[in-house]
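Please work through the following exercises with the sequence and the structure at hand. Each task is followed by a solution in steps.

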Amino acid sequence: ELAPAPLELFVFKGSDDLKHNPALAAHAGAVMKVVGSAVAGLSDVATLVPVLQALGGAHAKYGVKSKMFPVMGQALMWTLDQCLAPVGLWTEDIQSAWMQTWTVVESVMTKSMEDEIGKAALSWTLVEKQMEKVTDLFVTTFFSLCPDAALIFPYSSDVANPEENPRMRRVFSNILRTVGQVVAGLGQGGILEPIMANHGKRHLHYGVEIEHFEIMGTSLMIALEMRLGDQWSSEVAKAWQNAYDRIQSVFTSAMKDEAKSKSNKVVKRHMNDLRLVQESWKLIEKDIDGYGVKFFMHVFDQCPEVLSLFPFKNVKDLSSCPYLQRHGSQVLRIVGEAVAGLSNLSKLVPVLKSLGAKHAQFGTKPEHFPLFGKSLLWTVQQALGDRWTADLHSAWGKTYLSVQYAMEPALKASYKELKVAEEAERVQVLVQESWALVEKDLDGNGVKFFMRIF
């Protein structure tokens with residue numbers, strides 16, 4: 001009915017009475033059983049996905065095209081309607097659950113049917129069509145992971161937020177374009193290397209560190225994955241990573257050569273900030289329990305509703321509450337570990353990300369981070385008294401921003417995962433419960449399904 005052409009793919013294509021053809025009945029029943037297996041497999045997606053991928057590859061050999069899947073989806077929805085509507089079970093929620101499930105099945109199977117050859121080069125064409133959006137994500141992700149890097153750019157103060165600075169965006173757009181051209185095979189080595197090496201030498205004088213390139217590479221891959229969506233396969237990711245690694249290698253080699261005779265001012269500034277933060281923290285450690293209470297009392301003072309997140313929310317004398325004292329001490333000890341770990345960011349960042357992810361379960365929200373930062377700086381200022389200086393304020397502000405930018409994306413991602421898991425569980429229940437009725441007559445419903453297609 002919907003698309004007669006696919007009938008040509010089957011052995012029973014010449015049948016005069018399709019509806020009663022035994023070969024169709026057998027095939028239809030088998031297909032319905034596969035759908036049933038997929039429904040049952042929703043409880044174990046890790047096992048289900050490879051099965052669907054294998055099915056997609058097999059169907060490509062049979063001559064099935066990606067464009068046929070929407071037709072099959074319509075036929076499946078119609079079949080379910082015929083089976084479930086008469087008993088009042090084809091509700092909006094169940095329809096939505098089945099549509100979501102079919103969308104996932106279609107996405108996995110069609111992706112496995114497509115030839116991966118040429119996808120890397122094609123991905124650059126897709127990126128070019130949305131350069132502004134990819135650049136937005138690229139810039140935002142980079143400065144969220146490395147806020148201090150804004151100081152490297154001489155025009156960073158032109159606009160409050162780096163991602164809104166047109167000159168900054170142009171720099172990142174050029175980086176994206178250079179890597180993309182290498183991915184597409186347009187960047188020839190003989191021309192590329194000398195230009196990149198010259199850029200590398202200049203960037204050393206701007207205060208760029210080799211570590212910045214690693215963060216930039218991570219930010220680029222995150223931005224590309226988010227914008228390319230289903231087009232982002234392991235092969236495409238590998239092509240982009242290899243292209244970026246090639247450019248990074250030329251840049252960093254040139255920087256190392258140049259660094260032999262030049263000092264890095266950014267490193268010195270960072271080390272000075274590190275010294276100020278770590279030395280001032282020693283005063284907090286002398287009374288970490290007391291300052292832990294002060295920190296949280298200041299948080300609750302600034303935002304009383306935050307108190308509702310804690311088990312001691314109904315305690316009348318908070319400042320003397322042993323639970324608050326214990327929690328405040330634990331939090332400041334974690335801050336102390338972060339302060340100590342500033343000398344080794346590669347080990348500290350994963351710890352902070354893990355903390356950020358865990359706090360989603362406690363009800364912490366992204367908008368709480370500035371509040372906690374303000375209270376932390378206030379607490380350190382209380383400890384230092386007259387010794388609190390503008391340099392200390394700046395050093396602690398940048399340190400807390402680094403902590404926030406490591407934790408906040410993990411917190412948001414964890415929130416998203418929790419919501420996705422809840423929705424997946426809801427869809428799974430609706431699909432599996434409704435499928436139980438379809439299974440009562442798999443062969444009959446299978447025939448209805450294929451007759452709807454033909």
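The exercises below concern a predicted model.

**Exercise 1. Overall composition**

Task: State how many helices and strands the protein has, and what percentage of its residues count as buried.

Solution: 
- Step 1. The protein contains 17 helices and 0 strands.
- Step 2. Of its 454 residues, 43% count as buried.
- Step 3. Among the contacts with a separation of 6 or more, 80% are between residues 24 or more positions apart.

**Exercise 2. A pair of tryptophan rings**

Task: Classify the aromatic pair formed by W98 and W435, and determine whether each residue is buried or exposed.

Solution: 
- Step 1. A pair of aromatic rings is described by the distance of the centres and the angle of the planes.
- Step 2. Searching the whole structure gives 16 aromatic pairs. In the pair of W98 and W435, the centres are 5.7 Å apart and the planes stand at 50 degrees.
- Step 3. Planes under 30 degrees apart count as stacked and over 60 as edge-to-face, so the remaining angles are tilted. The pair of W98 and W435 is accordingly tilted.
- Step 4. W98 belongs to helix α4 (residues 92-113) and W435 to helix α16 (residues 390-438); the two are 337 residues apart, and the pair links distant parts of the chain.
- Step 5. The cut-off for buried is under 20% relative accessible area. W98 has 2% relative accessibility and therefore counts as buried; W435, also at 2%, counts as buried.

**Exercise 3. Two helices in contact**

Task: Describe how α12 crosses helix α15 (residues 368-384).

Solution: 
- Step 1. The axes of α12 and α15 come within 9 Å and cross at roughly 135 degrees.
- Step 2. This angle makes α12 oblique to α15.
- Step 3. The crossing of α12 past α15 is right-handed.
- Step 4. Residues making the contact include F295 and H298 of α12 and F372 and W378 of α15.
- Step 5. Sorted by class, this contact of α12 with α15 has 8 nonpolar, 5 polar and 2 charged residues.

Technical notes:
Residues are numbered from 1 along each chain as its sequence is written. This is a predicted model: local features need pLDDT of at least 70, side-chain atom pairs count only at pLDDT 80 or more; totals for chains, interfaces and linings use all residues. Side-chain values use heavy atoms; hydrogens and water are left out. Rings of Phe, Tyr and Trp (its six-membered ring) pair if their centres lie within 6.5 Å; planes under 30 degrees apart count as stacked, over 60 as edge-to-face and the rest as tilted. Helices (H or I, at least four residues) and strands (E, at least two) are DSSP runs, numbered from the N terminus. Buried means under 20% relative accessible area, exposed over 50%, partly exposed in between (1.4 Å probe, protein chains only). Axes are lines fitted to C-alpha atoms, for helices over the stretch in contact, and angles run from 0 to 180 degrees between N-to-C directions. Angles under 35 degrees count as roughly parallel, over 145 as roughly antiparallel, 65 to 115 as roughly perpendicular and the rest as oblique. A crossing is left-handed if the near helix is turned anticlockwise from the far one by less than a right angle, and right-handed if clockwise. Contact means heavy atoms within 4.5 Å. Ala, Val, Leu, Ile, Met, Phe, Trp, Tyr, Cys and Pro count as nonpolar, Asp, Glu, Lys and Arg as charged, and the others, Gly among them, as polar.
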